[in-house]
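Trainee: I should like to work through this model step by step. May I put my questions to you in turn?

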Amino acid sequence: MKKILAASALAIATLSVSPLLSAPAIAQAKGVGVADVRVAAARSNAFQTASTQIETTYKAQIDQQQSRGQTLQAEINVLIAKYNEEAKKTPVNQASLQAAAKAVQDKRQAAQAELGQIGAPVDLAIAYVEDQISVRMNEAIKAAMTAKKVDLLVNPEAVIARENNVDITDAVVAELNRILPTVSTAVPAGYQAGQLVQQRNQQLMDQARAAQGTRPATPAPTGTAPTTR
């Protein structure tokens with residue numbers, strides 16, 4: 001289960017991390033750092049604690065999913081064996097072979113749907129945890145950049161070579177632990193995955209529009225109007 005949670009954290013950063021610098025600012029950057037915010041999210045105290053809580057709260061669903069998954073896999077293996085038998089026949093009966101292949105495909109799809117339904121409460125709880133971390137990630141990144149005197153932060157995947165001292169992932173983890181020490185695993189009624197990030201993005205857009213609305217209007221140009229013939 002912890003492996004599942006850790007893997008799910010890989011998507012956290014893509015939901016919330018927005019560009020922090022404009023192109024001119026990047027060109028003038030003096031302090032450059034590297035941070036893997038996906039790793040930072042997965043290593044945060046909030047995420048680690050939530051993982052343990054989810055394992056406990058949803059133990060019945062997790063155990064059922066694993067047990068049922070083993071049973072379904074055994075049934076799929078039987079169908080695969082039948083397909084292999086058909087494939088070995090000489091001459092090959094194409095109709096029988098295609099039917100056997102379809103039986104494997106249909107069983108796999110049905111198994112995925114059934115296991116997905118069993119694990120739906122677990123997946124939703126994980127999504128809620130990710131969502132809560134996502135909405136605070138930029139705040140943690142900015143705080144870590146300030147603490148480390150960094151004005152340009154890049155993803156490790158975009159770096160060809162670097163020294164270890166430019167990696168501020170640990171600083172992002174520390175700031176995330178300070179800003180968001182815990183998150184809730186109690187999913188609110190009606191919650192949908194990504195809802196908190198969407199609400200936060202909408203809030204930022206509304207604030208930007210409001211700020212534009214309060215700016216003084218640009219005065220109309222003065223002077224003699226051009227004459228026409």
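The questions below move from the overall fold to individual helices and side-chain pairs.

Trainee: In what order do helices and strands follow one another along the protein chain?

Mentor: The model is a predicted one. The protein chain holds ten helices and two strands. Read along the sequence, the pattern is α-α-α-β-α-α-α-α-α-β-α-α.

Trainee: What share of the contacts with a separation of 6 or more comes from residues 24 or more positions apart?

Mentor: The protein chain has 229 residues, of which 30% are buried. Among contacts in the protein chain with a separation of 6 or more, the share from residues 24 or more positions apart is 89%.

Trainee: How far apart are the end C-alpha atoms of helix α7, and what span should its 25 residues have?

Mentor: Helix α7 covers residues 94-118. At 1.5 Å a residue, its 25 residues should span 36 Å, and the end C-alpha atoms agree with this because they are 36 Å apart.

Trainee: Which side-chain atom reaches the backbone nitrogen of Ala95 at the start of α7?

Mentor: The contact is found where α7 starts, and the backbone nitrogen concerned belongs to Ala95. The atom that reaches to within 3.1 Å of this nitrogen is a side-chain oxygen of Asn93.

Trainee: Which helices are included in what covers the buried residues of α7?

Mentor: The buried residues of α7 are Leu97, Ala100, Val104, Ala111 and Ile118. Their cover includes two helices, with residue ranges 59-88 and 120-147. These are α6 and α8.

Trainee: Against which helices do the buried residues of α6 pack?

Mentor: Helix α6 has 30 residues and reaches 43 Å from first to last C-alpha, close to the 44 Å expected at 1.5 Å a residue. Its buried residues are Ile62, Gly69, Leu72, Ile76 and Glu86. They pack against α5 (45-57), α7 and α8.

Trainee: How many salt bridges does the structure hold, and what separates the closest N and O atoms of Asp63 and Lys59?

Mentor: The structure holds ten salt bridges. Asp63 and Lys59 are four residues apart in helix α6, so about one helical turn separates them. Asp63 is partly exposed at 33% relative accessible area, and Lys59 is partly exposed at 47%. In their salt bridge, the closest N and O atoms are 2.6 Å apart.

Trainee: What is the N to O distance in the salt bridge of Arg136 and Glu139?

Mentor: Both residues lie in helix α8, three residues apart, which is about one turn of the helix. Arg136 counts as partly exposed at 25% relative accessibility, as does Glu139 at 38%. Their side chains meet in a salt bridge with an N to O distance of 2.8 Å.

Trainee: Is Glu175, the salt-bridge partner of Arg178, buried or exposed?

Mentor: The closest N and O atoms of Arg178 and Glu175 are 2.7 Å apart. The two residues are three apart in helix α9 (residues 169-179), so about one helical turn separates them. Arg178 counts as exposed at 55% relative accessibility. Glu175 has a relative accessible area of 15%, and because the cut-off is under 20%, Glu175 is buried.

Trainee: What is the geometry of the aromatic pair formed by Tyr128 and Tyr191?

Mentor: A search of the whole structure finds one aromatic pair. The rings of Tyr128 and Tyr191 lie 5.0 Å centre to centre with 65° between the planes. Because an angle over 60 degrees falls in this class, the geometry is edge-to-face.

Trainee: Where in the chain do Tyr128 and Tyr191 lie?

Mentor: Both tyrosines are buried. Their pair links distant parts of the chain, 63 residues apart. Tyr128 is in helix α8, and Tyr191 is in the loop between α9 and α10 (195-214).

Terms used:
Residues numbered from 1 in each chain as written. Predicted model: local features only at pLDDT ≥ 70, side-chain atom pairs only at ≥ 80, totals over all residues. Heavy atoms only, no water. Buried < 20%, exposed > 50% of the residue type's maximum accessible area, 1.4 Å probe, protein only. Contact = heavy atoms within 4.5 Å. Expected span 1.5 Å × (residues − 1). Polar contact = N/O pair within 3.5 Å; in protein donor to acceptor, adjacent residues only side chain to side chain. Salt bridge = Lys/Arg side-chain N within 4 Å of Asp/Glu carboxyl O. Phe/Tyr/Trp six-rings, centres within 6.5 Å; stacked < 30°, edge-to-face > 60°.
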